[in-house]
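Load the model and keep the sequence beside it.

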Amino acid sequence: MTDSTSEAADRRRPDGPPPGALGLVVLAFTVASVVAYGLGSAFWNGFFVFAGSIPLGIYGATVYARQLRLGIRVPGPGISFFGGITASILLALAGLLGWAATQVTALPSALSDLVTELVFLLGGVGFAGGLGLLIAGIAVPAVILRLLPRWLGWAGLVLGGLGELAFLSMLWEGLDVLLPFVRFGGLIWLTAAGFLLPRDRREAPRRTLASGR
């Protein structure tokens, strides 16, 4: 397939929802969930947490398709897709579990503690790990192929690494600080990357994206 034919095919192929806009929606729901938690409303906290999981999953799928359109044939797109879906599912489970707990009049103390711990693990530690993979899977090819501003690409590498280190908070409570940093920093990064990532090879830097050429 010639370059002109390939570019024409890219123009005809649907691009999906704008990932930058999806990132903004996830960020808005996340802020709303934190506000609801601060106001003592577990009901709305669970609702907003679950709501944020849906556009996050769509973001992961959309960026995966875009990376393939850009001709990226390295593990990055697969890693980002896996991370996005993982983060979305774990966030959804945390939101649903937290919301369901509000529908019970009274829970035994031990069961209440278990639910609280599960919500923390799913929506905190697990989510940070999945989000870190989503970010790293976008940032690594973006740095190598200069698809994003250099500073933004390297910031993504740092956030992705911190997301994977966040599981150590299961051993040391002092590392809990990584969780909100990865959550909010990561979502802001995904929003920026979603707006700046080239849509196809016509917008990419003038260098071959496919390996071996």
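This is a predicted model: local features need pLDDT of at least 70, side-chain atom pairs count only at pLDDT 80 or more; totals for chains, interfaces and linings use all residues.

Residues are numbered from 1 along each chain as its sequence is written, and side-chain values use heavy atoms, with hydrogens and water left out.

Start at leucine 68, in helix H3. Helices here are DSSP runs (H or I, at least four residues), numbered from the N terminus. Leucine 68 has 33% relative accessibility, so it counts as partly exposed. Beyond residues up to four places away in sequence, leucine 68 touches Arg73 and Pro77 (contact: heavy atoms within 4.5 Å). Glycine 78 is 10 residues from leucine 68 in sequence, and their C-alpha atoms are 9.6 Å apart.

Now turn to leucine 93, in helix H4. Its relative accessibility is 42%, so leucine 93 is partly exposed. Glycine 46 is 47 residues away along the chain, yet the C-alpha atoms of the pair are separated by 9.6 Å.

How do the two helices meet? Two packed helices are described by the angle between their axes and the distance between the axes. Axes are lines fitted to C-alpha atoms, for helices over the stretch in contact, with angles from 0 to 180 degrees between N-to-C directions. The axes of H3 (residues 42–69) and H4 (residues 76–101) come within 7 Å and cross at roughly 165°. That makes H3 roughly antiparallel to H4 (over 145 degrees). The residues of this contact divide into 18 nonpolar, 13 polar and no charged. Here Ala, Val, Leu, Ile, Met, Phe, Trp, Tyr, Cys and Pro count as nonpolar, Asp, Glu, Lys and Arg as charged, and the others, Gly among them, as polar.

Next, the core. A nonpolar core is a set of buried Ala, Val, Leu, Ile, Met, Phe, Trp, Tyr and Cys residues joined through side-chain atoms within 4.5 Å. The largest one has 34 residues, and Leu56, Tyr59, Leu131, Trp189 and Leu190 have the most contacts inside it. H5 gives the largest share, 10 residues. Leaving aside neighbours within four places in sequence, leucine 131 contacts residues including Leu56, Ala87, Val182 and Leu190.

Terms used:
Helices (H or I, at least four residues) and strands (E, at least two) are DSSP runs, numbered from the N terminus. Angles under 35 degrees count as roughly parallel, over 145 as roughly antiparallel, 65 to 115 as roughly perpendicular and the rest as oblique. Buried means under 20% relative accessible area, exposed over 50%, partly exposed in between (1.4 Å probe, protein chains only).
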